[in-house]
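Hello,

Here is the structure I promised to pass on to you. Please open it alongside this message, and I will walk you through what turned up.

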Amino acid sequence: MGASLLWVAEDVGVPVPFTPPSFARKFTDDDLPHRGHTHFDHGYWWVEYGGELDTVKDKEAIRDELLAVMMGLWDHIKNQGRHGADNWVLKWFGWLPGHRESRRIVGDHLLTENDLMESRLFEDRVAHGGWPMDTHPPGGIYSDEPPSNYLHTPDIYSIPLRALYSKDLSNLFMAGRCVSATHMAMSSTRLAATGAAMGQAVGTAAAMCCARDCNPRDLVEHHIGDLQQRLLREDQYIIDLRADDPDDLAPSAAITASSEAEGCGGDKVTDGVTRFRHQNTHQWASDPRQTMPQWLELKLPETARIAEIHLTFDSGYSRPLTLTESDAFNARMIRGPQPETVADYVVEVGREGEWTEVVRETSNYLRKRVHAIDSTEAEGVRITVNRTNGDASARIYEVRLYA
Ligand SMILES: Cc1cc2nc3c(=O)[nH]c(=O)nc-3n(C[C@H](O)[C@H](O)[C@H](O)COP(=O)(O)OP(=O)(O)OC[C@H]3O[C@@H](n4cnc5c(N)ncnc54)[C@H](O)[C@@H]3O)c2cc1C
């Protein structure tokens with residue numbers, strides 16, 4: 001796959017002429033099959049070139065050609081035919097191409113198309129992906145083929161740690177586009193959020209290697225369970241792997257709630273999963289017909305010392321939230337705290353019928369909160385939600401309690 005240059009453009013309300021530079025390519029509508037160009041706000045990802053060249057050695061040639069293509073396309077939009085772009089101006093455009101594909105490093109496992117299509121659950125899974133395999137023709141903008149081919153996977157898929165370290169260099173981790181994957185698998189794993197999930201996995205794995213004085217491969221052979229549980233504790237999602245942390249006191253607690261929405265009982269906050277999956281919400285949600293405050297109480301089987309309280313809220317993962325210049329995308333997003341997220345809440349610890357406030361939070365917008373409190377003997381913990389950022393239900397995915 002090739003590289004791309006993008007632009008940002010604006011409708012300034014009055015006609016503005018555009019004179020293309022001498023090096024701009026010429027395009028007619030016939031030259032742009034499958035490449036609709038009816039919105040002008042943030043350029044086109046299919047302004048793509050370089051898939052048949054060396055991404056590294058030919059970098060400048062690719063950049064120059066992309067500039068010529070981009071200017072030629074803007075010339076086409078502004079000056080040829082009725083595109084309705086008379087009032088549009090280029091506000092910004094990139095000079096450094098975004099590269100889709102470059103060198104990859106082979107690990108102990110090479111992630112393949114079959115792994116993704118079969119949704120293989122690797123024993124050493126530490127991250128996941130879900131975008132379809134999304135390959136582009138090597139010819140890019142000059143190809144007659146559609147600019148992208150999607151091969152949808154039946155489900156989200158897991159990524160093993162063995163694909164995230166080199167098989168030859170004993171202490172080298174990878175995350176992002178350079179991981180151990182075939183061209184087809186990489187056409188899905190290259191997505192930004194998937195790269196971030198891999199980054200969290202290898203960052204944590206690297207810290208564990210330092211702490212345990214071992215190499216990446218040793219983690220797979222001897223410490224993979226510890227690594228996975230550490231990742232879950234820090235809100236990494238690992239497919240079909242439940243939290244099982246012996247230090248967490250919350251799973252032993254009896255749980256009651258002020259109210260419950262259907263299918264969202266209080267006991268879900270200790271079921272070890274923090275995402276909606278297979279029709280299971282895996283979260284406590286209060287009855288939306290009840291007004292705030294709503295509360296959730298965890299009663300421990302016996303008095304225990306508590307020094308750290310973890311809360312995982314719902315931050316509306318089914319709605320896009322990203323930095324983008326795309327008007328269409330921005331129209332679907334809520335800029336600011338997501339409605340499902342708990343905003344104002346109080347945490348109390350209980351002993352002998354007395355409740356003591358240990359946390360009071362207002363205007364929260366984060367999904368995961370970790371509250372360190374003065375270590376205290378307690379029989380239980382109560383979380384009272386006073387306000388959400390808009391949703392009628394108080395929603396909590398997970399509560400963890402540590403000494
Ligand atoms: C036009 C385009 C559109 C895309 N659209 C989407 C999209 O809509 N959604 C999506 O999820 N993904 C999209 N992608 C894919 C995604 O953006 C990339 O695959 C992803 O950002 C790659 O992440 P990375 O961390 O592997 O590499 P990069 O994001 O390239 O990060 C590598 C970093 O390393 C730095 N670096 C390089 N060499 C050195 C060095 N020697 N020392 C220090 N730092 C160095 C670089 O400056 C860079 O910041 C798109 C890609 C392109 C090109």
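**Around the ligand**

The residues that surround the ligand are S4, W45, G98, H99, R100, G176, R177, R190, L191, A192, A193 and G195. Two elements each give two or more residues to this shell, namely β5 (98-99) and α4 (192-212). The largest share comes from α4, with three residues. Sorted by class, the shell holds four nonpolar, five polar and three charged residues. Please keep in mind that this is a predicted model.

R100 sits in the loop between β5 and α2 (113-117). Is R100 buried or exposed? R100 has 22 other C-beta atoms within 10 Å, and 20 or more make a residue buried, so R100 is buried. Apart from its neighbours within four places in sequence, R100 is in contact with M1, G2, A3, H136 and R190. R100 and L191 are 91 residues apart along the chain, and 9.6 Å separate their C-alpha atoms.

**Helix α4**

Next comes the helix that gives the most to the shell. α4 is made of 21 residues and reaches 30 Å from its first C-alpha to its last, close to the 30 Å expected at 1.5 Å a residue. Its buried residues are T194, A197, M198, A201, V202, A205 and C209. These cover an arc of only 125° around the axis, which puts them on the same side of α4. There is a simple reason to expect such a pattern: an α-helix has 3.6 residues a turn, so residues three or four places apart point the same way.

What covers the buried residues of α4? The cover includes β6 (125-129), β9 (157-160), α3 (183-189) and α5 (216-233). On the face turned away from the buried side you will find the exposed residues A192, A193, A207, C210 and A211. Of these, A192 and A193 also belong to the shell around the ligand. After α4 comes D213, which has a positive phi, near 50°.

You can compare this with helix α1 (residues 59-79). Its 21 residues should span 30 Å at 1.5 Å a residue, and its end C-alpha atoms are 30 Å apart, which agrees. α1 is followed by G81, with a positive phi near 80°.

**The whole protein**

Stepping back, the protein is divided into domain 1 (3-99), domain 2 (113-233) and domain 3 (250-402). The centres of domain 1 and domain 3, taken over C-alpha atoms, are separated by 46 Å. Four residues from domain 1 and four residues from domain 3 make up the contact between them. On the domain 1 side, these divide into one nonpolar, two polar and one charged.

The secondary structure comes to six helices and 16 strands. Along its principal axes, the C-alpha trace spans about 80 × 55 × 35 Å. Of the 403 residues, 36% count as buried. Among contacts between residues at least 6 apart in sequence, 76% join residues at least 24 apart.

A372 gives an example of a contact across the sequence: A372 and A307 are 65 residues apart along the chain, and their C-alpha atoms are separated by 5.8 Å. A372 belongs to strand β15 (residues 368-388). Leaving aside neighbours within four places in sequence, A372 is in contact with A307 and E308. With 11 C-beta neighbours inside 10 Å, A372 counts as exposed.

**Some backbone details**

Most residues other than glycine have a negative phi, and most peptide bonds are trans. A few places here are worth checking against that.

- H34 has a positive phi near 60°. It is found in the loop between β2 (7-11) and β3 (48-49), and counts as exposed with 11 C-beta neighbours inside 10 Å.
- S363, although not a glycine, has a positive phi of about 60°. It lies in the loop between β14 (354-361) and β15, and is exposed, with 9 other C-beta atoms within 10 Å.
- M292 and P293 are joined by a cis peptide bond, with omega about 0°. P293 is found in the loop between β11 (284-285) and β12 (294-313).

Enjoy looking around!

Best wishes

Notes:
Residues are numbered from 1 along each chain as its sequence is written. This is a predicted model: local features need pLDDT of at least 70, side-chain atom pairs count only at pLDDT 80 or more; totals for chains, interfaces and linings use all residues. A residue is near a molecule or strand if its C-beta atom, placed from the backbone, lies within 6 Å of it. Helices (H or I, at least four residues) and strands (E, at least two) are DSSP runs, numbered from the N terminus. Ala, Val, Leu, Ile, Met, Phe, Trp, Tyr, Cys and Pro count as nonpolar, Asp, Glu, Lys and Arg as charged, and the others, Gly among them, as polar. The expected span of a helix is 1.5 Å times one less than its number of residues. A residue is buried if 20 or more other C-beta atoms lie within 10 Å of its own, exposed if 12 or fewer, and partly exposed in between; C-beta atoms are placed from the backbone. The arc is that of the directions from the helix axis to the C-beta atoms. Two residues are in contact if their C-beta atoms, placed from the backbone, lie within 7 Å. Domain bounds come from an automatic or database domain assignment.
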